[in-house]
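Q: Could you take me through one part of this protein in detail? I would like to see how a single element sits among its partners, and then how the whole chain looks around it.

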Amino acid sequence: MKHLKRTHYCGEVIKAEAGESVTVGGFVNRVRDKGGLIFIDLRDITGIVQLVFDDTTDRSVFERAGGAKNEYVLMASGLVRTRENVNKEKDVEIFVTDLQILSKSAPLPYEIHSDKKANEELRLKHRSLDLRNADLQKNLILRHNLAKATRDYFYANRFYEIETPMFIKSTPEGARDFLVPSRLHEGKFYALPQSPQIYKQLLMISGFDRYIQLARCFRDEDNRADRQPEFTQIDLEMSFVDVDDVLDMLEGFVGYIMREVMKIDIATPLPRLTYDEVIARYGTDKPDTRYGMEITDFTEAAKQTEFVVFKDAEAIRGIVAKGGAAALTRKEIDKLIEFAKGIGSKGLSYIRWHEDAPNCSFAKFATEQQLAEICKLLGCEKGDVALIAADKCKAVSRVLGAMRTQTAGQLGMIPETGYNYLWITEMPFFEFNDETNEWDAMHHPFTMPHDDCLQYLESGDFGKVYAKAYDLVLNGTELCSGSIRITDAELQERMFKALRLTPEEIESKFGFLIDAYRFAAPPHGGAGIGLDRLAMILCGAKSLRDVTAFPKTKDASELMSGSPGEVDMKQLEELHLKLK
């Protein structure tokens with residue numbers, strides 16, 4: 001049999017001229033057998049083309065076409081011709097003169113292209129089939145285009161792409177390390193990198209000036225929709241810079257990828273809020289700013305009432321669901337109150353203004369004038385619902401931030417389109433650990449504090465120490481985190497002391513970096529951008545699994561290959577390990 005060689009991709013046959021001879025290859029998407037007329041939709045990564053066979057087709061070719069079934073792999077040669085019934089842009093078809101069935105498919109475990117998707121466990125078990133779905137292929141192609149545009153942008157801005165090690169020494173990064181036992185060094189372990197943080201700082205010390213890497217990173221933490229145990233980070237570092245230089249470079253990158261990948265122009269400079277501002281307005285450091293419902297503080301006015309919950313609270317704040325009174329009945333509000341309790345709230349107060357007068361949960365403890373003043377401060381009008389939290393400042397912000405998202409979702413207020421980027425700057429250096437009753441680093445210990453905060457390192461007022469650190473948020477998802485780094489040895493020693501690190505711990509965990517800093521280092525800073533998360537949002541996907549070729553499930557399993565799996569005793573012995 002003559003071997004056919006592809007000349008065109010299926011989705012590109014449209015560019016061929018009528019009468020031109022072409023050869024295509026792909027998967028059978030659908031077969032329609034009309035008796036003396038057979039249509040086969042052939043699919044490859046670029047799209048679908050219609051193959052036609054009729055009573056003038058060579059009988060052996062016609063019979064092979066009649067035996068084709070969904071997902072068979074075919075090669076077909078024939079003449080391009082204009083379709084009689086034009087279907088959108090598919091105005092040409094191939095009248096087939098030769099057909100080869102290269103591979104037959106077994107009966108499918110589920111219908112790949114059905115609008116009714118099979119359950120996720122079955123699709124992940126047969127992931128190679130699932131990846132034939134046009135939506136997933138479109139997502140992964142967008143991710144590819146995003147990666148290409150990333151390299152194009154940073155290469156054009158004189159960044160050098162340098163690979164850093166996968167097997168590193170375990171250092172504190174905030175999550176659990178994945179550990180790899182060493183065969184050659186008994187009792188010792190490598191760690192898989194949570195980020196290339198220390199290595200990219202060493203590259204700045206080495207004089208490379210600008211570094212970029214699409215780095216594979218690993219974190220042993222519980223999975224969720226926007227988290228996988230292994231992920232790709234757009235990792236970068238720059239020398240002789242301060243905060244504005246890094247943010248300007250990243251804003252240029254964001255504008256570039258939106259134009260190149262999404263064909264959208266966005267306004268720059270991007271909005272910037274300090275950490276304290278964003279917590280006060282949204283209750284979270286990763287807000288979705290595509291909708292309002294911002295937090296309002298009315299503590300002083302609330303304390304004028306006789307409501308004991310208000311009088312004993314450090315802060316009283318609320319959010320208003322404009323026009324929400326019809327949908328948020330008392331029963332629905334009770335559900336929101338239970339939701340709030342489930343995330344640690346002591347409870348919620350509310351104002352529901354559905355009729356002529358507002359219905360208020362604390363009405364008997366407030367005068368009409370006091371209630372009117374509170375409604376005015378909140379901006380609560382007829383048709384609205386106000387949800388109010390009273391507690392310590394930190395708890396109120398956390399609860400109302402979650403309630404804002406929950407309520408907006410319930411009321412359908414969250415847009416399905418639009419891309420709202422937001423910088424969060426001046427992050428706290430320390431965060432208080434309620435369990436240990438101590439202050440821990442919010443970022444890695446090499447983050448530069450603001451100069452006017454240094455006085456608080458020795459006084460112990462750690463809550464007043466702010467860092468030259470920044471996050472980039474897109475539609476309520478944290479995309480990027482970065483900072484300017486400490487390069488002054490004396491300041492670094494003060495910071496280690498504030499973090500309660502002993503000289504032995506410092507030497508064990510960071511000795512090689514501290515030693516490198518002894519030989520001078522330029523001022524530098526950088527960031528890590530989640531490529532997977534960015535792709536997920538740009539695709540409009542709900543989960544990282546939809547932009548990852550072979551993802552893990554919630555329990556970090558990979559169902560198709562059966563990972564993680566058992567190993568034999570000989571392998572364990574070589575690694576000096578025993579199982580309990």
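**Strand β16 and its partners**

A: Happy to! In this predicted model, strand β13 (residues 315–321) runs antiparallel to β16, and the two are joined over 7 bridges. One point of contact to look for is V320, whose bridge partner in β16 is A386.

Strand β14 (residues 349–352) also pairs with β16 in the antiparallel sense, here over 4 bridges. In that pairing, R352 has V385 of β16 as its bridge partner.

Now for β16 itself, which spans residues 385–391 and is mostly covered, with 7 of its 7 residues buried. Buried here means under 20% relative accessible area.

Stepping back to the setting, the protein has 17 helices and 22 strands. Across its 580 residues, 47% are buried. Among contacts with a separation of 6 or more, 67% link residues 24 or more positions apart.

As for overall dimensions, the C-alpha atoms fill a box of roughly 90 × 75 × 55 Å along the principal axes. The accessible surface comes to about 30,100 Å², with 50% of that belonging to carbon and sulfur atoms. Finally, there are 76 positive and 91 negative side chains, and the centres of these two sets lie 4 Å apart.

Technical notes
Residues numbered from 1 in each chain as written. Predicted model: local features only at pLDDT ≥ 70, side-chain atom pairs only at ≥ 80, totals over all residues. Heavy atoms only, no water. Buried < 20%, exposed > 50% of the residue type's maximum accessible area, 1.4 Å probe, protein only. Pairing = 2+ DSSP bridges. Contact = heavy atoms within 4.5 Å. Areas by Shrake-Rupley, 256 points an atom, 1.4 Å probe, with all protein chains shown as cover. Lys, Arg positive; Asp, Glu negative; His and termini not counted. Charge placed at Lys NZ, Arg CZ, Asp CG, Glu CD.
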